[in-house]
Amino acid sequence: MPDAGTTGDGECRPLPTYYFHIKHADHVVFDPDGGTFPDLNAAREEAGDALRELVGRAILSNQAELPQAIEIWDVHGHLAAEVHIDAAIPQIAHRNRDR
């Protein structure tokens with residue numbers, strides 16, 4: 001991931017850093033390193049991709065518990081967004097509604 005972006009006037013600014021904390025039913029796995037993204041929307045898209053991959057791995061390895069969401073935190077310690085499993089994998093939401 002790049003470390004700096006260019007504004008419309010050619011000025012370089014550092015890209016924002018976001019941390020992806022993985023929420024499970026009874027605990028959270030904290031991201032100590034974070035990653036840089038052009039904006040929150042890009043971080044949200046990456047979190048959705050990461051959550052789909054984590055759920056897929058959990059299913060393939062027959063884990064009893066699936067990750068439920070990824071919380072996206074900014075460098076100031078504020079929750080910026082959250083991607084839930086049913087938003088990242090719409091088939092799960094449909095299956096839960098049909099029950």
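**Surface, core and salt bridges**

The accessible surface of this protein comes to about 6,600 Å², and 52% of that belongs to carbon and sulfur atoms. The model is predicted.

Me: What is the secondary structure made of, in helices and strands?
Reply: The protein has three helices and seven strands. Starting at the N terminus, the elements run β-β-β-β-β-α-β-β-α-α.

Me: How much of the protein is buried?
Reply: Of the 99 residues, 30% are buried.

Me: Which residues have the most contacts inside the largest nonpolar core?
Reply: Phe20, Leu51 and Ile72 do, in a core of 15 residues. At least two residues each come from β3 (17-23), α1 (40-60), β6 (69-74), β7 (79-84) and α2 (85-88).

Me: And which element gives the most to this core?
Reply: That is α1, with four residues. In soluble globular proteins, nonpolar side chains tend to be buried together.

Me: What does Ile72 touch?
Reply: Leaving out residues up to four places away in sequence, the contacts of Ile72 include Tyr18, Tyr19 and Phe20, as well as Leu40, Ala43 and Val83.

Me: New topic. How many salt bridges are there in the whole structure?
Reply: A search finds four. One of them joins the side chains of Glu82 and Lys23, at 3.0 Å from N to O. This pair links distant parts of the chain, with Glu82 in strand β7 and Lys23 in strand β3, 59 residues apart.

Me: Is Lys23 buried or partly exposed?
Reply: Lys23 counts as partly exposed, because its relative accessibility is 24% and buried means under 20%. Glu82 is partly exposed too, at 26%.

Me: Is Arg57 exposed or buried?
Reply: Arg57 counts as exposed, at 53% relative accessibility, whereas Glu53 is partly exposed at 45%. Elsewhere, salt bridges with shared partners join Lys23, Glu71 and Glu82 into one network.

Me: Last one. Where is Gln68?
Reply: Gln68 is in the loop between α1 and β6. Its relative accessible area is 35%, so Gln68 is partly exposed. The residues Gln68 touches include Lys23, Leu51 and Val83, not counting those up to four places away in sequence.

Definitions and conventions. Residues numbered from 1 in each chain as written. Predicted model: local features only at pLDDT ≥ 70, side-chain atom pairs only at ≥ 80, totals over all residues. Heavy atoms only, no water. Core = buried A, V, L, I, M, F, W, Y, C linked by side-chain atoms within 4.5 Å. Buried < 20%, exposed > 50% of the residue type's maximum accessible area, 1.4 Å probe, protein only. Contact = heavy atoms within 4.5 Å. Areas by Shrake-Rupley, 256 points an atom, 1.4 Å probe, with all protein chains shown as cover.
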